[in-house]
Every structure is written in structure tokens, then in C-alpha cells.
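Please keep the sequence and the structure in view while reading.

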Amino acid sequence: MTVNMTKGQAINLQKSDGGTLTAVRMGLGWQAAPRRGLFGSRTREVDLDASAVLFADKQPVDVVFFRHLVSDDGSVKHTGDNLVGGAGSGGDPEAILVDLQRVPVHIDQIVFTVNSFTGQTFQEVQNAFCRIVDETNGQELARYTLDGGGQYTAQIMAKVHRAGTGWKMTALGNPANGRTFQDLMPSILPHL
């Protein structure tokens, strides 16, 4: 059963049978919003990028994004850059896979961000979502939907963080501005 998350909501990441999750996928999807023009509605492609920043004791130690597809330890992998989105067409146009069992013990938080590499604002995006899926069986565990557009070019989406022997996910949904994860670091740090 999927939990539709609201900003600030936290959930334990565990299997429906109470077992521990071993691998999750953070999926990102979106569509370009139609714009009314002189000659009717049209859309312009929007290039959103998903990133995962790995933290140890509130310090960034690694990042996975379209130019660095695998974390140095191999526990986090990006499936590749999607330049046009496609939410509503099934699947996740961009995804980041996290092997929770392989994440080194010193990594205590992984923050997922989304940014518009081409600088378009979220007013030009529709049907955008971030979801967490149990990668072992494909079951969607949680979904955070971006709504309301806005004059910002990025979103601090969610974080997974250690909670005892397991992991929790917290929906953040904080708007920010920046074209890359580096631009977003000042906006990420208050959420650690």
C-alpha cells in the first residue's frame, strides 16, 4: 500500500510483512506543462535532474547525479539522465537505486533533490512526483507529489536516514533555486 506523503511527513521504510528493506528506488517523473500561446497550447521540454547527496555526520561525502552515476562505494546508482520527463507514461523517467545493505555505516542520511538543469521554473512542470519503491518486489511504498508550480528551479524532495537498525524516509518538499546539486547545498543543510 502506498503512503501519499505530505511535506515534513516521515515514514519507516520497511516491508509490508515487517521485514527490513534491502534496496529502494527513488523514482522521479514529470511532464512539461502546456503553455497557451498565440497559436494554441504547446509544451517546451523540461530537463529535471535527480540527485542523491550522501551525508556522514551532516557533512557531504559523495553524490550521485547525471555526471557521477555511481557512488564511490557502489551502494547508490543513478539510472541515467532523462532530458524530457514523461510522467503519466509509466515508470520513472529518472531513478536512483539505493542498496541499503551496502550503504557504509558512516553514511547516516541521503538527501534526494530535483533541479531544472535548463533553468525553467516549476510553473513549467506538471504531474511531477518523487516515489520510493521496494526494489526487490516493485511495490511503491511512498509517493510525494509536487503541486502548485512556483517560481523556483529546484526542490529538496526527501531524505532517507538511519533510524536504529533500519531507515526512515521524510518528505521535505522544500523549494529552492539552482541548476545543480552544488547550487542547492545551502538549502539542503537545514534539513539534516
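## Loop residues, rings and a hairpin

Asp57 counts as exposed, because its relative accessibility is 63%. As with everything that follows, this value was computed from a predicted model. Asp57 lies in the loop between β6 (48-56) and β7, and Lys58 has its place in the loop between β6 and β7 as well. Neither residue is a glycine, yet Asp57 has a positive phi of about 50° and Lys58 has a positive phi of about 65°. With a relative accessible area of 48%, Lys58 is classed as partly exposed, since a residue has to be over 50% to count as exposed.

| Residue | Phi | Relative accessible area |
|---|---|---|
| Asp57 | about 50° | 63%, exposed |
| Lys58 | about 65° | 48%, partly exposed |

For the protein as a whole, one helix and 14 strands are assigned. Among contacts between residues at least 6 apart in sequence, 68% join residues at least 24 apart.

The aromatic side chains come next. A pair of aromatic rings is described by the distance of the centres and the angle of the planes. With ring centres required to lie within 6.5 Å, the count comes to three aromatic pairs. In one of them, the rings of Phe66 and Phe117 have centres 5.3 Å apart and planes at 75°, so this pair is edge-to-face. Because Phe66 lies in the loop between β7 (59-64) and β8 (76-78), and Phe117 in the loop between β10 (109-116) and β11 (125-134), the pair ties together parts that are 51 residues apart in sequence. Ring pairs link Phe66 and Phe117 with Phe65 and Phe181 into a cluster.

How do β11 and β12 pair, and over how many bridges? Strand β11 pairs with strand β12 (residues 139-145) in the antiparallel sense, over six bridges. Within this pairing, Arg131 has Arg143 of β12 as its bridge partner. The two strands, β11 and β12, form a hairpin with four residues between them, and Gly138 in the turn has a positive phi of about 80°.

Terms used:
Residues numbered from 1 in each chain as written. Predicted model: local features only at pLDDT ≥ 70, side-chain atom pairs only at ≥ 80, totals over all residues. Heavy atoms only, no water. Phe/Tyr/Trp six-rings, centres within 6.5 Å; stacked < 30°, edge-to-face > 60°. Pairing = 2+ DSSP bridges. Buried < 20%, exposed > 50% of the residue type's maximum accessible area, 1.4 Å probe, protein only. Contact = heavy atoms within 4.5 Å.
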